[in-house]
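User: Hi! I'm new to this one and would like a friendly walk through it. Could you show it to me?

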Amino acid sequence: METVRRLRAMASLCRQSAAYHPDNSWKLLAEAEYWEHLAGAAVIAHFQDCTSVNDQTRQQSTAKATRRDARLLPIA
């Protein structure tokens, strides 16, 4: 999440620079939008990583519980 903070800080700097340099504002605002786009992509990637780790952990614990329960079943 540190990456997202830095990317958004870059976008903020671009917007501030656009306010002080109106002749280049179109370019600076476009660059700010680019940094915000990267920040959004980083947030999505972070949460996808988190959910995939949680899914793997959940699957592993379910598999262990199934094996443990199978050992407790009586043999017919």
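Analyst: Happy to; we can go through the overall build and then the salt bridges. Keep in mind that this is a predicted model.

User: How many helices and strands are there in the protein?

Analyst: The protein has two helices and zero strands. Helix α1 covers residues 2-20, and helix α2 covers residues 25-72.

User: What share of the residues is buried?

Analyst: Of the 76 residues in the protein, 12% are buried.

User: Let's switch to charges. How many salt bridges are there?

Analyst: The count comes to four salt bridges. As background, side chains of opposite charge can pair when their charged atoms come close.

User: Which residues are linked in a network?

Analyst: Glu2, Arg5 and Arg6 are joined in a network of salt bridges. Glu2 pairs with Arg5 at 2.4 Å, N to O, and Glu2 also pairs with Arg6 at 3.3 Å, N to O.

User: Where do Arg5 and Glu2 sit relative to each other?

Analyst: They are both in helix α1, three residues apart, so about one helical turn separates Arg5 from Glu2.

User: How many residues apart are Arg6 and Glu2?

Analyst: Arg6 and Glu2 are four residues apart, which is about one turn of helix α1.

User: Is Arg5 buried or exposed?

Analyst: Arg5 counts as exposed because its relative accessibility is 51%, and the cut-off for exposed is over 50%. Arg6 is exposed too, at 54%.

User: What about Arg15, which residue does its side chain meet in a salt bridge?

Analyst: The side chain of Arg15 meets that of Glu36, with 3.7 Å from N to O. This pair links distant parts of the chain, as Arg15 lies in helix α1 and Glu36 lies in helix α2, 21 residues apart.

User: Why does that 3.7 Å pair count as a salt bridge?

Analyst: The pair counts because the nitrogen of Arg15 and the oxygen of Glu36 are 3.7 Å apart, and the cut-off is within 4 Å.

User: How accessible are Arg15 and Glu36?

Analyst: Arg15 is partly exposed, with a relative accessible area of 38%. Glu36 is partly exposed as well, at 28%.

Terms used. Residues numbered from 1 in each chain as written. Predicted model: local features only at pLDDT ≥ 70, side-chain atom pairs only at ≥ 80, totals over all residues. Heavy atoms only, no water. Buried < 20%, exposed > 50% of the residue type's maximum accessible area, 1.4 Å probe, protein only.
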